[in-house]
Amino acid sequence: MRYYIVAGEASGDLHGANLMKALKAEDSNAEFRYYGGNKMLAEGGVLDKHYAEMAFMGFTEVLLNLRTIFKNLKACKAAILAYKPDVLILIDFPGFNLKIAEFAKANDIKVCYYISPKVWAWNQKRVLKIKRIVDKLFCILPFEVDFYKSWGMEVDYVGNPLLDEIAQFTPDSEFRKKYQLEKDVIALLPGSRKQEIERLLPDMLSVTQSFPDCHFVVAAAPSFDETYYRQFIKTDNVTLVFAQTYNLLHVAKAAIVASGTATLETALFHVPQVVVYRGGAISVAIARALVKIRFISLVNLIMDRAVVTELIQNDCNTTNITRVLKGILNGAERAQMLSDYNELSAKMGTAGASGRTAKLILNYLATLSNK
């Protein structure tokens, strides 16, 4: 089979690579072309465009880069037509990928969407468009199945690919020793984008002096160097680690986490956390007008209640972060969060999302060939 895959972010590159690996295990004749990154490239095939040229965050940044986005869309459509894939596989990245899905459908190319668009957050009527242009939809959040069903659309819950990553993780037994972490560890996960880091890391680090008996460790993104991070660090009890997030979460007693996928990863490692978020004033104002969800963290969205505290915009400050962090380091608040995490893990299911998705895609294609 010939597969064309479109992944427009670092997370999509990771999930795309795992899906490619699973497809190769099921289909010995698998051939790939794709928009993705280095992880997908390591699995073989032809990389048409790297996600680093595509990922724009926030409403204002998208507006400022519309010319580049339209150029990327045009190039992607041309590449798909030239390749003539048996199936187009889209991974998350809905602003771009829904346009590609519509184009593919108009050109009679089968469309499978892995990691469904988060249409439950705003403009839910987009489900009707998805129903029209996507042939098979694979969800990674358990509540999405009922949401799509309420709109008359049957989808498959395949489990969450984060469970695959965590299942493959082997802790480094020397991690604490290597970084001289003798006190309780507080993990700081400020995200991987420059905007996120510069808005959130100063707030995260502002609480370090209130916890002299703890060691704060920043999960640094490999796309930045140590000098970049050092400009924010003012106290001695802070350490930087690069590309070691899972080892850090494995030893952490608590965490301060930027809203996003990392909140779910932290919960699956059973590390009590406080979730923080700061966005550009214009982007946040637009989001508040459009987004119709009660929570921003995946943990609370999946559990449909406030399991972790979310500190957003002006609430994200030294006083509030200190207060919440003290509450989850010891005592009843910590015990309750850990109990809720057990329930969350049960809801999420087991590892194997990539393998299940690969099988479902091939089963779908087989039913088409038998018609």
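Leu188 stands opposite Ile256 in strand β11. Strands here, like helices, are DSSP runs numbered from the N terminus (strands E, at least two residues; helices H or I, at least four). This is a predicted model, where local features need pLDDT of at least 70 and side-chain atom pairs count only at pLDDT 80 or more, while totals for chains, interfaces and linings use all residues. Residues are numbered from 1 along each chain as its sequence is written, and side-chain values use heavy atoms, with hydrogens and water left out.

Back to Leu188, which also stands opposite Val218 in β9.

Now the strand β8 itself, residues 184-189. Five of its six residues are buried, so the rest of the structure largely encloses it. Buried means under 20% relative accessible area, exposed means over 50%, and partly exposed lies in between, using a 1.4 Å probe and protein chains only. β8 runs parallel to β9 (residues 214-220), with five bridges joining them. Four bridges join β8 to β11 (residues 254-258), also in parallel. Two strands count as paired if DSSP finds at least two bridges between them.

What order do the strands take in the open sheet of six? The order is β10-β9-β8-β11-β12-β13, and the pairing is parallel. At the edges are β10 (238-242) and β13 (309-312), each pairing on one side only. From one strand to the next, the twist averages 20°.

Next, the helices on this sheet. α10 packs on it, touching β8, β9, β10, β11 and β12 (273-277), and its direction makes about 155° with that of β11. Helix α16 (residues 318-329) packs on the sheet as well, touching β8, β9, β11, β12 and β13, at about 140° to the direction of β11. Touching means heavy atoms within 4.5 Å, and the angles, on a scale from 0 to 180 degrees, are between N-to-C directions of lines fitted to C-alpha atoms, for helices over the stretch in contact.

Leu325 is in contact with Ile186, Val207, Phe211, Phe216, Ala254 and Ile256, leaving aside neighbours within four places in sequence. Leu325 is also among the residues with the most contacts inside the largest nonpolar core, which has 133 residues. Such a core is a set of buried Ala, Val, Leu, Ile, Met, Phe, Trp, Tyr and Cys residues joined through side-chain atoms within 4.5 Å.

Last, Asp92, in the loop between β4 (87-91) and α5 (94-106). Buried or exposed? Asp92 is buried, at 14% relative accessible area.
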